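Dear colleague,

Please find the structure below, handed over for your review. My notes on its pockets follow.

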Amino acid sequence: MSQLSSKHLLGIKDITLADIKLIFQTADNFKEVLNRPIKKVPSLRDVTVANVFFENSTRTKISFELAEKRLSADVVNFSSASSSVKKGETLIDTVNNILAMKVDMVVMRHPAPGAHQFLSRHINANIINAGDGTHEHPTQALLDAFSLREKMGDLNGKKIVIVGDILHSRVALSNIYCLQKLGARVRVCGPPTLLPKHIESLGVEVSHNLKDSLQWCDAANMLRIQLERQEDKFFPSLREYSLQYGVSLPLLQSLQNEIVLMHPGPINRGVEITSEVADSKQSIILDQVENGVAIRMAVLYLLAART
Ligand code: CP
């Protein structure tokens with residue numbers, strides 16, 4: 001199979017294991033291209049991509065833009081903060097106006113879960129979900145699993161713990177779907193207030209004990225505390241959270257296994273992990289960022305072939 005099963009990437013829940021393997025295989029090739037002196041290929045020449053961001057982003061936005069430029073696409077960037085959305089324009093009107101300018105693909109981040117699903121029923125362009133509220137962030141999960149596979153080999157049977165603010169995290173849900181499709185065992189760990197009710201129904205193990213979870217796992221994905229999505233207080237203080245659920249160097253060194261540490265960024269240094277841990281040789285945080293460009297090139301390239 002050399003085609004994705006869908007013309008959009010709305011979430012990991014909707015794609016197959018064969019899709020994930022095809023994306024990884026294509027990203028392997030693009031990673032090789034990115035390590036050449038000339039990093040650009042003509043694959044998306046004459047394709048126009050709009051990056052439409054209704055929420056803030058550093059990594060995802062830059063990574064998509066770089067991926068598009070490395071593939072020779074024409075790129076336009078839209079940020080809601082400086083747009084007519086502020087004057088009351090609807091999502092469909094905004095995107096249709098962008099598409100009237102002959103845009104082929106839309107990469108969108110939006111605070112509303114399901115916004116991409118809704119849009120895909122109304123427009124013809126390929127849509128890539130760059131994060132929809134607390135729902136999914138599929139390219140983040142793909143680059144996370146790709147980085148783990150690079151470090152640890154086949155993920156079948158590997159044990160991965162996702163730690164922290166699972167309740168508000170789109171990264172957690174996409175990671176759970178992606179890792180399970182690849183055959184990994186997934187555990188979530190955090191304070192009861194930050195774990196969604198009925199999370200076990202997704203087939204994950206649940207723990208509130210960080211040290212026990214770190215002893216259990218091969219890799220830990222430390223999620224950011226999403227203070228901007230927390231209207232209520234979910235824990236007494238950041239200091240208390242960090243003491244219970246933050247990873248420090250002494251804690252890491254007290255473990256029997258040498259585990260891999262990940263973080264999707266942006267990091268709250270000293271909260272989820274200390275600076276020493278973030279910058280240690282067990283951390284693959286910058287590999288995740290590097291691999292993000294190759295993964296996004298692969299997704300853009302494969303979806304463009306599905307028009
Ligand atoms: N990991 C991630 O989505 O980061 P940004 O919010 O900076 O894009």
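Please note that this is a predicted model. I begin with the make-up of the largest pocket: its lining comprises 7 charged, 9 polar and 4 nonpolar residues. The volume of this pocket is about 430 Å³. A total of 20 residues line the largest pocket, and those closest to its centre are Arg109, Arg170, Arg224, Gly265 and Pro266. Two helices, helix 2 (59–70) and helix 6 (170–181), each contribute at least two residues to that lining. With regard to domains, domain 1 (12–137 + 289–304) and domain 2 (138–284) each provide at least three residues of the lining of the largest pocket.

I turn now to the second largest pocket, which holds about 290 Å³ of space. Its lining also numbers 20 residues, of which Ser63, Leu66, Val289, Glu290 and Val293 are the closest to the centre. Helix 1 (17–34), helix 2, helix 5 (138–152) and helix 11 (285–304) are the elements that supply two or more residues to this lining. Which helix gives the most to the lining of the second largest pocket? That is helix 11, with 6 residues.

By class, the lining of the second largest pocket consists of 8 nonpolar, 6 polar and 6 charged residues. Domain 1 (12–137 + 289–304) and domain 2 (138–284) are both represented in it, each with at least three residues.

Yours sincerely

Note on methods:
Residues are numbered from 1 along each chain as its sequence is written. This is a predicted model: local features need pLDDT of at least 70, side-chain atom pairs count only at pLDDT 80 or more; totals for chains, interfaces and linings use all residues. Side-chain values use heavy atoms; hydrogens and water are left out. On a 1 Å grid over the protein atoms alone, a cavity is a set of points where a 1.4 Å probe fits but cannot get out, and a pocket is an open set with protein on both sides within 12 Å along at least five of seven lines; lining residues have an atom within 4 Å of a point. Grid points are joined across faces, edges and corners, and a volume is the space filled by probe spheres set on the points. Helices (H or I, at least four residues) and strands (E, at least two) are DSSP runs, numbered from the N terminus. Ala, Val, Leu, Ile, Met, Phe, Trp, Tyr, Cys and Pro count as nonpolar, Asp, Glu, Lys and Arg as charged, and the others, Gly among them, as polar. Domain bounds come from an automatic or database domain assignment.
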